[in-house]
Amino acid sequence: VHTSLGNRLTAWCVRERHGGLYRPLLIGAGLKVRDQQETTMAGDSKPRRVGIIGFGHLGQYLTARIEEEGCGHGLELAFVWNRSREKMEGRVRREQQLPSLSDVVHRRADLVVEVAHPQITKEHGAEILKHADFMVGSPTAFADPEVEAACRAAARRHGHTLYLPSGALWGAADIQRMADSGALQALKVTMSKHPDSFR
């Protein structure tokens with residue numbers, strides 16, 4: 001059984017969010033993310049390079065897991081970007097810090113994971129999809145139909161995959177199915193966040 005790069009990152013996201021469902025939906029070229037290791041023409045295994053956008057709790061977690069366990073899963077860290085570079089000092093090696101999102105293309109990432117803010121996808125999503133697969137951790141960016149259309153088009157045009165995690169609402173797909181079948185009469189959802197999550 002082959003384990004895809006996106007599924008491994010998804011598993012890490014789920015573990016970090018303590019049950020928040022990250023089930024990737026593949027949009028775009030219809031291509032499966034390359035498997036754990038790809039054999040080059042020279043016969044060497046080639047790790048998949050992952051870029052992280054955002055260095056909050058989830059970004060820090062993913063960065064640490066890739067650094068500590070990535071080699072065993074065929075992954076390596078391509079870069080980490082954060083709006084405030086000071087937050088990365090002493091925690092991300094200088095050569096792995098991405099100064100600007102316009103430099104993504106130069107880091108040769110196979111997958112870019114956004115765990116920062118919906119504005120990242122609005123401003124940079126289509127451009128990222130020209131060069132890499134893209135996992136969007138802030139899917140509310142696609143509430144804007146123009147952003148969704150631009151990212152879908154870029155994924156199809158450039159042969160990359162757009163991953164849309166379903167977010168932290170556990171059971172959302174089941175709720176939707178119940179609503180579609182008419183079985184849902186009423187629903188109340190209460191979500192809570194730790195105070196440290198607010199600024």
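Does Val-189 count as buried, exposed or partly exposed, and what is its relative accessibility? At 42% relative accessibility, Val-189 counts as partly exposed, where buried means under 20% relative accessible area, exposed over 50% and partly exposed in between (1.4 Å probe, protein chains only). The structure is a predicted model, in which local features need pLDDT of at least 70 and side-chain atom pairs count only at pLDDT 80 or more, while totals for chains, interfaces and linings use all residues. Residues are numbered from 1 along each chain as its sequence is written, and side-chain values use heavy atoms, with hydrogens and water left out.

The secondary structure comprises five helices and eight strands, helices (H or I, at least four residues) and strands (E, at least two) being DSSP runs numbered from the N terminus. Along the sequence, these elements follow the pattern α-β-β-β-β-α-β-β-α-β-α-β-α. Of the 199 residues in the chain, 41% are buried. Among contacts (heavy atoms within 4.5 Å) with a separation of 6 or more, 66% are accounted for by residues 24 or more positions apart.

In soluble globular proteins, nonpolar side chains tend to be buried together. A nonpolar core is here a set of buried Ala, Val, Leu, Ile, Met, Phe, Trp, Tyr and Cys residues joined through side-chain atoms within 4.5 Å. The largest such core has 22 residues, of which Ile-53, Phe-79, Val-112 and Leu-162 touch the most other members. Two or more residues each are given to this core by strand 5 (75–81), helix 3 (118–128), strand 7 (133–136) and helix 4 (145–158), and the largest share, four residues, comes from helix 4. When residues up to four places away in sequence are not counted, Phe-79 touches, among others, Ile-52, Ile-53, Leu-98, Val-104 and Val-112. A second, separate core of 17 residues includes Val-50, Leu-62, Val-113 and Met-135.

Towards the end of the numbering given here, Ile-175 lies in helix 5 (residues 172–181) and is partly exposed, with a relative accessible area of 21%. Neighbours within four places in sequence aside, Ile-175 is in contact with Leu-184 and Leu-187; the C-alpha atoms of Ile-175 and Leu-187, which are 12 residues apart along the chain, are separated by 8.8 Å.
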